[in-house]
Amino acid sequence: MRKTVKLGLGAALALTVSASSLFAENIKIAFIEPLSGFMAGTGTSGLHQYEFAAETLVNANGGVLGGDMFEIVAFDNKLSGKESLVQLQVAIDQGIRFVAQGNSSGIAHALIDAINKHNKRNPDDLVMFLNYSAVDPALTNDKCSFWHFRFDANADFKMDALTDVMAENEDLKKVYIIGQDYSFGKAVAAAAVSDLGNKRPDIEVVGNELHPIIKVKDFTPYARKIIASEADAVITGNWGADMVGLGKAILDSGFEGPIYTYYAAADGITATFGEAGKGSLYLVGTDQLNPPVSDRAADYITAYKTKYPDGDINQARIVNVVEMLAKAINEAGSATDIVAIANAFEGMEHDSIWGSKIVMRAKDHQAIQDIHISEHTDEGAVFDYDNSGYAPVVKSTVKMAGADSATTCDMKRP
Amino acid sequence: MSDTTQKTAVRPTGVTMSMALPWLIAGAFLLVMPYVFTSNSAITIMNQMAITIIFALSYNMLLGQAGMLSFGHAVYMGVGGFMCVHIMNYVEDYSIPLPLPLLPLFGGLFGLGLATIVGSFSTRRAGTVFAMISLGVGELIAACSIIIVAFFGGEEGVSGDRTMGLPFFGNEFLQQIDVYYLISFWVMLSALLMFLFSRTPVGRMANAVRDNPERAEFLGYSARWVRYYSFCAAGFFAGIAGGLFAISYEILTAENLGLLLSGEILLITFLGGVGFFFGPIIGAIVFTLLQTVLSLQTELWQLYVGALFVATVMFFPGGLAGVLMMHVPAIRLGNAKLLVVPYIKTLIPATIGILAISGFIEILFYSRHAPVGETEMTVFWTDIDTASIVPWIVTVGLALVCFWITKRNAPELVETWHRANAIDGGKA
Amino acid sequence: MELILVNLIDGLVYGLLLFMLSAGLTLIFSMMGVLNFAHASFYMLGAYFAYQISTYMGFWMGLLIAPVVVGIAGAGVERYGLRRVHQYGHVPELIFTFGLALLIEEFVQFIWGNSQLPYNEPAILDFALFSIGSNDIAAYKVFMIFVSIGIFLALLYVLTRTRVGMVIQAALSYPRTVENLGHNVPLVFMGVFGVGTGLAGLAGVIAGPQLGTFPGMAILLGSIVFVTIVIGGLGSLWGALVASLLIGWMTTFAASSSFQFADILLALGMEKPAEMSESALRDLWTLTLPQIGPILPYMLMVLVLVVRPYGLFGKRDA
Amino acid sequence: MTAAALELDGLRKSFGKTEIIRGVNLSIAPGERHAIIGPNGAGKSTLFNLITGRFPNSGGKVSLHGNDLAGKAPFEINRMGLSRSFQITNIFPKMSVFENVRCSLLWSKGYKYSFWTMVSKSQDLTDAADAILEQINLTARRDLPAGVLSYAEQRALEIGITMAGGADVIMLDEPTAGMSHSETDYIVDLIRKVTENKTLIMVEHDMGVVFGLADYISVLVYGEIIATGRPEEVRANPKVQEAYLGAALEEEH
């Protein structure tokens, strides 16, 4: 039985999943992610990282507000929007005010939509959404909400940083963009086209392709097309099996240039690419693990790897979420006054364990931070992924990426 | 002839108490439930159950009543739901005076509309051809949901706000409990209508076509048109379920159309039992509980659900309803009490044995995935240490002992079962 | 031109892979009437078993042992599960395999976890055999083609030249008659189920390194295999082959084409809207063929079933 | 003169290259009881299947009361007043005996595909179904699933279903096949009772039944009718004796 769910089976079966809290003094964070099904690996890994961060960075230091402890309560959303909403309701009934989610922007949209409605209809029982990795730009633009805070860089910022680096490569003449046919894939493609157009009008986008999400069995034909287009580089936002399938097909077909990706690491992907991906795969993302920026970061990773030898810190921003939430609660002086905590978040500056400064931009609740371009390699991979000897190692950094970017957010404050 | 007249005399055609009683009890039950389980999440889960009940009953109109195996029934619920969210948004944008409780009707109509189109070519044959066309159409429409963003909203779906409609007797449906009563009304109405449908000429002929389509043809009925009407009716009620989904969750996404949901409803219906009208209702309740409550308890819930399905199919092909109805003859004969003791003697050890196995699986799973050094876990309210050998031995030993007892006592149960179902019962 | 040649080869590889799955399924389907939903799950088991064996004994032993293990597991499922359910009729059988697919997926996740497995081509085949233009044709792909064709020829030999094959062929066309001829039909069923699932396992062994080894691989391929045998016609091995190749080439060429639906709309005399986001048809204007490539087989299936309910090569009603 | 109840004109059927029915001409007057006999494999059941639209014919014409049946589906033919039973019992095994009969009444009672009326509300329907149960002696089995009835009872039910719809042309395919003597007598009485004033066409092997029931007999051999006439004429026909009857009669004794 999952350790974090402290409810008795009988009580739960009786549907009285209400605020029967054994740990009333704990500040609970509802972690709503897939914990069963084919995405469970990512969900469980995120849960461990949350638990570890709460334990070592908050609770071990005496908690917040002079003694209140963080507790991560896990809810299995089965990667389903509907189930996420049911579990959100269960979480709210348990008196939980903080909801953390990040896998799938679709679910993030469903959750923030439900939270907006809940907060409007229940002004005495407010809930806050801590988005640690859903990167659809709309969440901090058209669909922005006062109750939503994003700790990851959004897809546009990442593309901005990525194209900054690409623009410096004079040999780059032709680029192929391929992605999954849904909002995120389209956002990546649109950002790539417009950023490259601004920074290097001479670069030709030789292909801009969408393929059905989680439906393609064999990526070889896409790879053939990429090679036939004589592209020098590939950009893709693919994740999971679609990333592995595409990457392997491209490499097997004899492509020599760089493949710029968002999610080609961890959860078995790094191990699967192994030697074949070396020198070809590049990742754009926040948080630098390799090489470690400080002894504190190295110690933290080592401690985590000691506790979870099969796990990886692959969503390092979780640490930032936990630390910043602790800071905001302390600043607000209350763990229940959600408006005050949200106000404390706005404009908060934080020095991340991973070396970056983080500013929570007030106008759209988007964290501004350093974005790194890493290479999949075994050289300098101090903390490897999947125990494979390989890891993304930071090659270049864009400081405070997107700090002056515009947003279409029209924040409605309470 | 006197016999016949007597028979018809005792079978009045009006609504009798015995016919109405189950419905009155169900209605009263629905009214009382929110006072027993007051939390919002409990009400949300009950709403989910009610929606699944309509959907499963609608699915059983195909599978159980008309013998059509569909792999794409979610499409009709989904399309009905999507239309309802769009209507909700129109209501909000153009201030259309539409009271919310009427919304599911529109869902039903759009479900019906889609079913009339698809049914026109899919119901020509039953069996594998129908099943595979339903799979193909389901897959096509599910794929459209990602491609046609203008209507389906892509990955993040379409959301609306149910509170923007015309207040219904002053109620704006702000809270889940308001929605609960709305859904309860619709679930009663839909279930009643679906029950009555099975009593109409088309409904009766659907059974006939299921059993023997060729014979039905030689009775003057076109099997194809009987299937078509059943299919359309099923589409209508699936659409109503979709409309209620839209009201309850205020959002529809691609998963509402997907094959996963279509497969799920097949399993739910079968788990409950396709042979009885109330079978899918039991299936919907049990599955929703497993999905929402069991999943809070263990990450392995799908393993248990899968095992439950396989066990049900292998040992109780009539589903849970079939298991319940198996006892009717014994009860009618007044022999039910004979079964009590043998049941206790076999089922209790069997249950403990199964729980012990699941405990063992949980311990195994935990010890494989737990952080290094952490060996304490809680299984069935017992704190145990996985580093020690005791819990392993206890669970395995308990399982073995319990199954041995079950096996030893099973023949007695079988024998009693035959005795209880024999006409002369225990007297012989 | 070069690209077309490359696509032909790639489509062949994918089509033959599909054939290995659909050959077993069509045998099982037409003999036992079972829509085996767990068929792709046995394919997944093949890949996982082969990975596990390859970590101890190398790829080649995995190739030899894993399909046998999968086949034995399949025969066991038939003997102790399906045979029991058989008496209840076809729908319960189908639901049984449905539940089995769920269980196998959970089993795989329980044992191997949820992540991608680093199951890769053997080093000896991990090179580009030749190139067409700048496109490499990996040696492993050629190896896949040879294995699939070998399996096809072996199947053809068994079915047309051996006694067992005659019984199976007869059972395909006249399932009831064979029973009356005194053949041990349950044993034949078990054997066919074992061989069919073993073939699926073999497909998994050789496809795992190419298409990825992860818990979702069964669902990904599951329904397309049904589509294949339905299009080909139930009970027809040749139909399964033709439909597999057809689907293989169709998806491959669709994926590598750059056809845009806007061309059709323009040809229909419609004008491209200036402000795309305002147009109700905006999704159609931007739609390309690769976007819908993987759902083309489903369209084809629906069309085939509406026009010809027994599939392209089927003789019996589906 | 009124049109024949059923008229076959040069009816043909081939399966592949084999011609099973090779030009059958037959005219059956209203109210006639006509038996078709012939050795196994003569094509009797195929002929039935051609007439009732179960198989499409390869040539020739079938008319019911002067209306051409070409291209009509079984359910359309049934609605025109032709009903049939099957050689292998063909009922609705999971439904109750009463339901079986009631379903066979629905179309003729004009319910069509209605989904706004309750079948149990219709006293008329219930009475009619019960009356038929009474007629076929199955009132005691009324609420049992049809699948659990004895063989003879299922055959009786089959006949009940066949004539319930009120068709005036009834076709019975070997109604007494596989029955004991007492069961056969029961069925023969039943057939005589329920086909009063109707046209009856039956295929039958039991010569006792044939000569007991039929007004006319046709002999079908290798897809052709070699003789048609009164029972005594057919019995006396040397061609028939040669081809079939003699052997069959020998078998009888």
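How many bridges join strand S1 (residues 6–15) of chain D to strand S2 (residues 18–28) of chain D? In the predicted model, eight bridges join the two strands, and they run antiparallel. S1(D) and S2(D) form a hairpin with two residues between them. Within the turn, D:Gly16 has a positive phi of about 65°. S1(D) is also joined by five bridges to strand S4 (residues 59–64) of chain D, again in an antiparallel arrangement. D:Leu8 takes part in both pairings: D:Leu26 stands opposite D:Leu8 in S2(D), and D:Val62 is the bridge partner of D:Leu8 in S4(D).

Chain D as a whole contains nine helices and 10 strands. The radius of gyration of chain D is 18 Å, close to the 18 Å that the globule rule gives for 253 residues, so chain D is as compact as a globular protein of that length. The C-alpha trace of chain D spans about 60 × 40 × 40 Å along its principal axes. Of the 253 residues in chain D, 44% are buried. Among contacts in chain D with a separation of 6 or more, 68% are between residues 24 or more positions apart.

Chain B contributes 40 residues to the contact and chain A contributes 43 residues. On the side of chain B that touches chain A, two or more residues each come from helix H3 (40–66), helix H6 (127–147), helix H13 (279–297), helix H14 (301–315) and strand S3 (376–379) of chain B. H3(B) provides the largest share of this side, six residues. By residue class, the side of chain B that touches chain A comprises 17 nonpolar, 16 polar and seven charged residues. Two pairs that involve chain D are without contact. Chain A and chain D do not touch, and their nearest C-alpha atoms are 34 Å apart. Chain C and chain D do not touch either, with 13 Å between their nearest C-alpha atoms.

In soluble globular proteins, nonpolar side chains tend to be buried together. The largest nonpolar core in the model has 430 residues. The residues with the most contacts inside this core are A:Ala30, A:Phe31, A:Val99, A:Val322 and B:Ile54. Helix H11 (residues 223–249) of chain B gives the most to the core, with 18 residues. When neighbours within four places in sequence are left aside, A:Val322 is in contact with A:Tyr50, A:Ala53, A:Ala54, A:Leu57, A:Val58 and A:Phe70. Another core, of five residues, lies apart from the largest one and includes B:Ile363, B:Met377, B:Val379 and B:Ile384.

B:Arg204 lies in helix H9 (residues 201–211) of chain B. B:Arg204 has 23 other C-beta atoms within 10 Å; because the threshold for a buried residue is 20 or more, B:Arg204 counts as buried. Within chain B, the C-alpha atoms of B:Arg204 and B:Val226 are separated by 9.6 Å, and the two residues are 22 residues apart along the chain.

Note on methods
Residues numbered from 1 in each chain as written. Chains lettered and ligands numbered in written order. Predicted model: local features only at pLDDT ≥ 70, side-chain atom pairs only at ≥ 80, totals over all residues. Contact = placed C-beta atoms within 7 Å. Helix = DSSP H or I, 4+ residues; strand = E, 2+ residues; numbered from the N terminus. Nonpolar A, V, L, I, M, F, W, Y, C, P; charged D, E, K, R; others polar. Rg over C-alpha atoms; globule rule 2.2 N^0.38 Å. Buried ≥ 20, exposed ≤ 12 C-beta atoms within 10 Å, placed from the backbone. Pairing = 2+ DSSP bridges. Core = buried A, V, L, I, M, F, W, Y, C linked by C-beta atoms within 7 Å.
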